[in-house]
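The following exercises are to be worked with the sequence and the structure in view. Each task is followed by a solution set out in steps.

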Amino acid sequence: MITHINLLKTVKTAAGCVLAIWLGDLLGLNYSSSAGVIALLSIHDTRKETLRATGNRIAGFFMALLLAPGCFLLAGFGPVAIGLFLLLFTPLSMVLHIPEAVSVSTVLMTHFLSEGRMGGEEILNEILLLLTGAGTGILLNLYIPGKKRHIQRKQRQIEEGFRGFLQEAAGILDRGERGLKQEREPGSWPGKRLEERLNALKSMILQGEREAFFDVENSLLSETRYYLKYMSMRKGQLMVSERMGECLKRLEGYERLPDQAVRIGELLELTRVAFHEFNNARGLLAKLEQTREKIKSQPLPGTRDEFEIRALLYQILLDLRQLLVIKRDFSDSLTTEERKIFWGEAI
């Protein structure tokens, strides 16, 4: 079932094929239709992919020019020569990691077969066919709509997803001595909502990572990996959040939580309010250290349940700290240029 059609790529492929054939005819080249095929093969999803593939095809073609004379000398200008050429050229192109060169170079070599000779005029014709087709493909593929707006929209959605997770987490903890066992609608337990939010976050981050990689692949003159680094940072925070979520779900099994839960819940709420792309997390880390010192100074637990609860709460606090450290490290890793371009007046 067809779920998506890249209309722009389809139009560019058709237009490139027609334009390359027309240019080939205009230049008086033999086998000008091959220029159209090369143009078709030269149009890829990203600019960098287009340039890489084209460079590999050109390099492979000149390598093929060195192999072809020996093949034609040994087997003559017949089908066996092409078979011998492929036996040598195909594994060589694989070893050199230029598999794109096989199809184009083979097509161009068959023109020598049809001509029955491989003189300077024939070689020049094939070179011009290759440059005409590849050049047309590159020219048309210079325009590929950027993903910047999509990525920025995805950033806002991801941040909102984290805020929702932190809100649910804070809601589990801030009940304290009031207890956890409350009447709820079936399927509305906080642990279930936490899991749903984390699953949604994972999907959004993976999609955002794909779009960020696409953006990097289409940046030729001013490459930036900011969005890719941003998505990697959020992926790291997601892993920590999933671990935190497991602890939070285990706390639902206890009827009451101590005062330390309320303190950590307040810290989670504070993190939720301040959760933003431009926050370097230093202020939140300082607040977390204050909270940790206060908890460490309180009396030790007296029962097994209290001990288990305190252990889970402390793990949640450590996970929250790791979540904030990941953001701080991301902020510290940004260059002055990245801060200026992507954070602007926020720095």
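**Exercise 1: The largest cavity**

Task: In this predicted model, state which residues line the largest cavity, and which helices supply them.

Solution. Step 1. The lining of the largest cavity consists of Arg-234, Gln-237, Thr-271, Ala-274, Phe-275, His-276, Asn-279, Ala-281, Leu-284, Leu-323, Leu-324 and Lys-327.

Step 1. Three elements contribute two or more residues each to this lining: α9 (226-251), α10 (259-274) and α12 (304-333). Of the elements, α12 gives the most, with three residues.

Step 2. Sorted by class, the lining of the largest cavity comprises six nonpolar, four polar and two charged residues. The space inside the largest cavity amounts to about 90 Å³.

**Exercise 2: The second largest cavity**

Task: Determine how many cavities of 30 Å³ or more the structure holds, and describe the lining of the second largest cavity by class.

Solution. Step 1. Two cavities of 30 Å³ or more are found in the structure. The volume of the second largest cavity is about 30 Å³.

Step 1. Around the second largest cavity lie Ala-68, Cys-71, Phe-72, Ala-81, Ile-82, Phe-85 and Met-109. At least two of the lining residues come from each of α3 (47-75) and α4 (79-95).

Step 2. By class, the lining of the second largest cavity has seven nonpolar residues, with no polar and no charged ones.

**Exercise 3: The setting of Arg-292**

Task: Locate Arg-292 in the protein, decide whether Arg-292 is buried or exposed, and list what Arg-292 touches beyond four places away in sequence.

Solution. Step 1. Arg-292 belongs to helix α11, which covers residues 282-296.

Step 1. The relative accessible area of Arg-292 is 17%. Buried means under 20%, so Arg-292 counts as buried.

Step 2. A polar contact of 3.0 Å joins the side chain of Arg-292 to the side chain of Glu-289. Leaving aside residues up to four places away in sequence, Arg-292 touches Tyr-314, Leu-317, Leu-318 and Arg-321.

**Exercise 4: The protein as a whole**

Step 1. Among contacts with a separation of 6 or more, 79% are between residues 24 or more positions apart.

Definitions and conventions:
Residues numbered from 1 in each chain as written. Predicted model: local features only at pLDDT ≥ 70, side-chain atom pairs only at ≥ 80, totals over all residues. Heavy atoms only, no water. 1 Å grid on protein atoms, 1.4 Å probe; cavity = no way out; pocket = protein on both sides within 12 Å on 5 of 7 lines; lining within 4 Å. Points joined across faces, edges and corners; volume = space filled by probe spheres on them. Helix = DSSP H or I, 4+ residues; strand = E, 2+ residues; numbered from the N terminus. Nonpolar A, V, L, I, M, F, W, Y, C, P; charged D, E, K, R; others polar. Contact = heavy atoms within 4.5 Å. Buried < 20%, exposed > 50% of the residue type's maximum accessible area, 1.4 Å probe, protein only. Polar contact = N/O pair within 3.5 Å; in protein donor to acceptor, adjacent residues only side chain to side chain.
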